[in-house]
Every structure is written in structure tokens, then in C-alpha cells.
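Hello,

Here is the structure you will be working with. Please open it beside this email, and my notes follow below.

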Amino acid sequence: FLSKPGGITIYLVDDRQRYCYYYAHLDRYRGGLREGMKVSQGEIIGFVGTSGNAHPSAPHLHMAIFELGPKKEWWKGTPLNPYPALLKSLKNSLR
């Protein structure tokens with residue numbers, strides 16, 4: 001998805017359609033990435049950049065997790081603190 005504030009963005013939805021993962025300010029997508037394709041944990045999906053309203057001298061990734069409602073509307077999800085999920089993922093990868 002392309003937007004003025006987020007620039008080059010990716011929205012990923014988990015298999016149960018409970019959570020949406022948002023990545024913004026990318027430089028570009030990974031080659032071959034397309035809407036609707038399945039990706040796995042640890043797979044490269046894009047590259048950090050400064051697209052959208054990000055300052056050109058500060059490449060970064062804006063990452064967010066949203067809990068989806070019954071209608072599965074990614075733009076209306078409830079934002080969650082991503083830190084616990086990221087910490088759990090890191091601990092699992094170190095085992």
C-alpha cells in the first residue's frame with residue numbers, strides 16, 4: 001500500500017485474521033512480493049527507508065500491531081504495544 005504519511009507500506013494479516021502487522025517508511029518491497037501472498041516469520045518483505053513523511057536523513061521502520069475487529073478492517077484495528085510480541089519472537093529465535 002502507498003500512502004502520503006507512511007510511504008511504501010506493508011500490511012500483513014495472520015492466518016486467523018486476528019492481527020494486522022503494519023510496516024511503513026520502506027525504501028522498497030522485496031522482489032516478487034505481491035498482495036495476497038503468504039510469508040513466513042523471518043522472511044524479508046521489504047527494506048528500511050525514508051518514504052512518506054519520514055525525514056530523509058533518518059531511515060527507520062515504523063512497525064505497529066493492530067487487533068482486528070469482527071469485520072477484519074485493517075484500517076480500524078485496535079493498536080497494541082508490539083514490544084511483548086517482538087520480545088517473545090526474539091527469545092524464541094535464540095533457543
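Glu67 is partly exposed, with a relative accessible area of 27%. Its side chain meets that of Arg18 in a salt bridge, 3.3 Å from N to O. Glu67 sits in strand β5 and Arg18 in the loop between β2 and β3, so this pair ties together parts 49 residues apart in sequence. Arg18 is partly exposed too, at 40%. Please keep in mind that the model is predicted.

The whole structure has five salt bridges. Another of them joins Lys38 and Asp15, at 2.8 Å from N to O. Lys38 is in the loop between β3 and β4, and Asp15 is in the loop between β2 and β3, 23 residues apart. Both residues are exposed. Glu43 also forms a salt bridge, with Arg30, and the closest N and O atoms are 2.5 Å apart. Here Glu43 is partly exposed, at 32%, whereas Arg30 is buried, at 19%.

Asp14 is in the loop between β2 (7–13) and β3 (19–29). Asp14 is buried but has no salt bridge; the nearest side chain of opposite charge, Arg16, is 4.0 Å away. A polar atom of the Asp14 side chain lies 2.7 Å from the backbone nitrogen of Arg18. Leaving out residues up to four places away in sequence, Asp14 touches Tyr19 and Tyr21.

Last, the largest pocket holds about 1600 Å³ of space. It is lined by 42 residues, and those closest to its centre are Leu12, Val13, Tyr21, Tyr23 and Val39. Strand β3 gives the largest share of the lining, six residues.

Regards

Key:
Residues numbered from 1 in each chain as written. Predicted model: local features only at pLDDT ≥ 70, side-chain atom pairs only at ≥ 80, totals over all residues. Heavy atoms only, no water. Helix = DSSP H or I, 4+ residues; strand = E, 2+ residues; numbered from the N terminus. Buried < 20%, exposed > 50% of the residue type's maximum accessible area, 1.4 Å probe, protein only. Lys, Arg positive; Asp, Glu negative; His and termini not counted. Polar contact = N/O pair within 3.5 Å; in protein donor to acceptor, adjacent residues only side chain to side chain. Contact = heavy atoms within 4.5 Å. 1 Å grid on protein atoms, 1.4 Å probe; cavity = no way out; pocket = protein on both sides within 12 Å on 5 of 7 lines; lining within 4 Å. Points joined across faces, edges and corners; volume = space filled by probe spheres on them.
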